[in-house]
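Work through the exercises below with the model open beside the text. Each task is followed by a solution in steps.

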Amino acid sequence: MHGPFPGLNFNDEELRQGIAYAQTRQRKVYLALNTYPDSARLPHWYAAVDKAASLGCDAIIAAEMAVLDYAARHHAKLARHLSVQGSATTAPALRYMYERFGISRAVLPRVLSVQQVERLCEQAPVPLEVFAFGSLCIMVEGRCQLSSYVTGASPNRHGVCSPASFVRWEEHDDGGRSVRLNRVLIDRFDPSEPAGYPTVCKGRYAVGSETFHALEEPTSLNTLELLPRLASAGVAALKIEGRQRGVAYVASVTHTWREALDRYHAAPERWQARPEWQSALSRHAEGHQTTLGPYHRHWH
Amino acid sequence: MKLSLGPLQYFWPRERTFAFYRQAVQWPVDIIYLGETVCSKRRELRTLDWIMLAHELAESGKQIVLSSLALIEAESELGALQRLIEQGQGWIEANDLSAVQLCRARGVPFVASPTLNVYNHRALAMLMEDGLLRWVPGVEQGAALIDELRSALLEDGGDMPEVEVIGFGRLPLSYSARCFTARALDVAKDQCGFRCIDYPDGLPLATREGRPFLRINGIQIQGEEITDLGPELPALRALGVDVLRLYPQAEGMDEIVAHFDLARRSVTPPPRIGARNGYWHGTAGMRSVDLP
């Protein structure tokens, strides 16, 4: 659908061709409609659901109750997945979405430990999908207003955090750089320091007498070493973040995970995360660093 | 217009918390929200203490609402939620869908908090079928959204529930699995030592230019500015807002309540004692401060 950010989405013809391309290769296409429309704009979201159904998408990924309700009533055969933006972290929350809107899968927010994911897999009324690789969103998805506090545009309403139109880079005489989001200083970098994309949660700030990455370092989530546990817990799918990524990233990251998964299925008991997989993934990570994030109890 | 005392977002010592609410019950507020909404490890008051306090304060004739955790990860947290809902008296403030589901299953009326994502009249109508009686719009939702939602709901033949707007306090902006207070103090979350008790109004975070920006409050991040919709009271009335929410601060809360009590009974809007809330006017939340 056409949002306020042209270029981020396919147009209708590209979408049609993309779906055909994937489906002739026995791949499924899920369409994310995971923003929260206000009353006046609801018809646009309904139209997007209609379009997903008419184009033969295999599922929509949505978070908002009115959108899920519309899809359930008008396109009962179109599978509905609860988006990460729906912020469901418990069995009762998942049951609500299942009983109310007949979701058939849910994507979990990136806030649970692997033990909590395992337990939820036992109790959830639907199969679960978890984030495996990509940016580490440290806040509960669907519950973060840091971007909108600074810019007025939120992931919930605009589908994007820290919109590029609000980002300003400043070059200093010594070769260093500062980056501002809607005029708020998010970070300042030495000439030799790599600079990541400026989101509020990954900037450096002063707390007490220290200046540091007070919320999180610029690092990516990588759960490769947890693959056996996630598999035996019964996780239905691993999500690799691919939005707005280049061809090289997508090719390399998906190849790596595909190989890791295939090797796991061939011989689960002998599986180990290979160093070459990890280094391939690290090359595509923010700041070339990865973390298990909240999956790991010690991430604090 | 009714006044409410929103849930205490910070972690105060047990005696201070009891003393605060025993004073608050004398203040001219109509509704008091009680309970821990941020971190389940804050156990100066345990769930049972909050429930007993709710029963004690209910004798004052004020409406007491028990408020639930915004982020539920552990079984023990679900258990606490269950106890809140099964205490058998009064409403619940649902801070996430788990609370909505449990209230719905047991027929307990609830308030939808700012952390439940309600952006349109259809979602609101469905939650009303589930037992919603009052709606607190999310922090990023301003006058225009509420107005538009009301019109759409009425057009659909629905009735608007009570609407409660955050009138005073620091806006709750986000929640994480990480404890930012523990991180700032370089201690593990599991051994945090409950250090947020040392920051009764949260821990200030400034930009590298020294501009106050956010507040760290355990796993929650708040805006630094204390938002104040006092001067917008005439607009709130015109919009049909039923309740004005005041979030507890460590100091001078009695005077803040008195200020808003006077303001709600006056035809002229009060002077601003906090900052503008950009969200209310349809722009960035922090647009209350003068950006350089």
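**Exercise 1: an arginine in a loop**

A:Arg204 lies in the loop between S8 and strand S9 (205-207) of chain A, where helices (H or I, at least four residues) and strands (E, at least two) are DSSP runs numbered from the N terminus. The model is predicted: local features need pLDDT of at least 70, side-chain atom pairs count only at pLDDT 80 or more, and totals for chains, interfaces and linings use all residues. Residues are numbered from 1 along each chain as its sequence is written, chains are lettered from A and ligands numbered from 1 in the order in which they are written, and side-chain values use heavy atoms, with hydrogens and water left out.

Task: state whether A:Arg204 is buried or exposed, and find the polar contacts of its side chain.

Solution. 
1. Apply the accessibility classes: buried means under 20% relative accessible area, exposed over 50%, partly exposed in between (1.4 Å probe, protein chains only). A:Arg204 has a relative accessible area of 14%, so it is buried.
2. Look for polar contacts (a pair of N or O atoms within 3.5 Å; within protein, one must be able to donate a hydrogen and the other to accept it, and residues adjacent in sequence count only if both atoms are side-chain atoms). The side chains of A:Arg204 and A:Glu193 are joined by one of 2.8 Å. A polar atom of the A:Arg204 side chain also lies 3.1 Å from the backbone oxygen of A:Arg188.
3. List contacts (heavy atoms within 4.5 Å). Not counting residues up to four places away in sequence, A:Arg204 touches residues including A:Glu193, A:Phe212, A:His213 and, from chain B, B:Arg208.

**Exercise 2: a threonine and the helix that follows**

Solution. 
1. With a relative accessible area of 4%, A:Thr89 is buried.
2. The A:Thr89 side chain reaches across to chain B, at 2.7 Å from the backbone oxygen of B:Ile72. Leaving aside neighbours within four places in sequence, the contacts of A:Thr89 include A:Pro109, A:Val111, B:Leu71 and B:Asp96.
3. Just after H4(A), A:Gly102 takes a positive phi of about 60°.

**Exercise 3: an alanine in chain B**

Task: which residues does B:Ala152 contact, leaving aside neighbours within four places in sequence?

Solution. 
1. B:Ala152 belongs to helix H6 (residues 143-155) of chain B, and counts as buried at 17% relative accessibility.
2. The contacts are with A:Ser39 and B:His121.
3. B:Arg122 is 30 residues from B:Ala152 in sequence, and their C-alpha atoms are 8.7 Å apart.

**Exercise 4: the two chains**

Task: describe the make-up of chain A and of chain B.

Solution. 
1. Chain A has 10 helices and 13 strands. Its radius of gyration is 20 Å, close to the 19 Å that the globule rule gives for 300 residues, so chain A is as compact as a globular protein of that length. The radius is taken over C-alpha atoms, and the rule is 2.2 Å times the number of residues to the power 0.38.
2. Buried residues make up 52% of the 300 residues in chain A.
3. Chain B has nine helices and 11 strands. For its 292 residues a compact globule would have a radius of gyration near 19 Å, and the 18 Å of chain B agrees.
4. In chain B, 64% of the 292 residues are buried.
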